[in-house]
Amino acid sequence: MLRVRRASEDDLDYLVEFTTRQVREGEGAIKGPDVVQLGIRRSLQDESLAMYWVLIDENNTPVGSVSVLKAWSDWNAGYYWWLQSMYIEPDHRGQGGMALLIDAVKSEMMYQGGLELRLYVNKDNVQGKQAYERYRFRMSVYEVMVLDEEG
């Protein structure tokens, strides 16, 4: 039986491992655990940076996680909530864990008066896109752009 709870500093090692695996699977990138650990630790100490939830199994062992960033919208006078770093261990996929994590985030977002739940997904992550579409996410009218510092 999978359940979700808010993450604490006791979950740091799991969160670092899940986040580095997610980056490897979703983007094919390798991130050093030291930087990831610093980023997650800071977020666990300051929720204005990010919030984390963990998916736990029947033994209360974390088997997945998700984080959320809030972005202020001046023209809507509220926060958009951005899902990040969604990861579930392969042995626990297909058991409704993603829906449990998203439902927990959505519930907290609604409680706090958030505007909308959003996410970005690597354009080559077909499996991830399909999973999010099953949960009723749809493509946005926006595209993500980044500043080319070399140009």
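Student: What should I know before I start?

Tutor: This is a predicted model, where local features need pLDDT of at least 70, side-chain atom pairs count only at pLDDT 80 or more, and totals for chains, interfaces and linings use all residues. Residues are numbered from 1 along each chain as its sequence is written, and side-chain values use heavy atoms, with hydrogens and water left out.

Student: How many salt bridges are there by the rule?

Tutor: Start with the idea. Side chains of opposite charge can pair when their charged atoms come close. The rule asks for a side-chain nitrogen of Lys or Arg within 4 Å of a carboxyl oxygen of Asp or Glu. The count comes to six salt bridges.

Student: Which residue forms a salt bridge with Glu 47?

Tutor: Arg 6 does, with the closest N and O atoms 2.6 Å apart. Glu 47 lies in the loop between helix 2 (33–45) and strand 2 (51–56), and Arg 6 in strand 1 (residues 3–6), so the pair ties together parts 41 residues apart in sequence. Helices (H or I, at least four residues) and strands (E, at least two) are DSSP runs, numbered from the N terminus.

Student: Is Glu 47 buried, exposed or partly exposed?

Tutor: Here are the cut-offs. Buried means under 20% relative accessible area, exposed over 50%, and partly exposed in between (1.4 Å probe, protein chains only). Glu 47 has 47%, so it counts as partly exposed. Arg 6, at 30%, is partly exposed too.

Student: Which residues are linked in a network of salt bridges?

Tutor: Glu 17, Arg 21 and Glu 89. Take Glu 17 and Arg 21: their closest N and O atoms are 2.8 Å apart. They sit four residues apart in helix 1 (residues 12–27), so about one helical turn separates them. Arg 21 also pairs with Glu 89, at 3.6 Å between the closest N and O atoms. That pair links distant parts of the chain, 68 residues apart: Glu 89 is in the loop between strand 4 (78–88) and helix 3 (97–111). Glu 17 is partly exposed at 34%, Arg 21 at 24% and Glu 89 at 21%.

Student: Is Ser 43 buried or exposed?

Tutor: Ser 43 has 8% relative accessibility, so it counts as buried. This residue is found in helix 2.

Student: What is Ser 43 in contact with, leaving aside neighbours within four places in sequence?

Tutor: Contact means heavy atoms within 4.5 Å. On that basis, Ser 43 touches Leu 49, Ala 50 and Tyr 52. A polar atom of the Ser 43 side chain also lies 3.0 Å from the backbone oxygen of Gly 39.

Note on methods
Polar contact = N/O pair within 3.5 Å; in protein donor to acceptor, adjacent residues only side chain to side chain.
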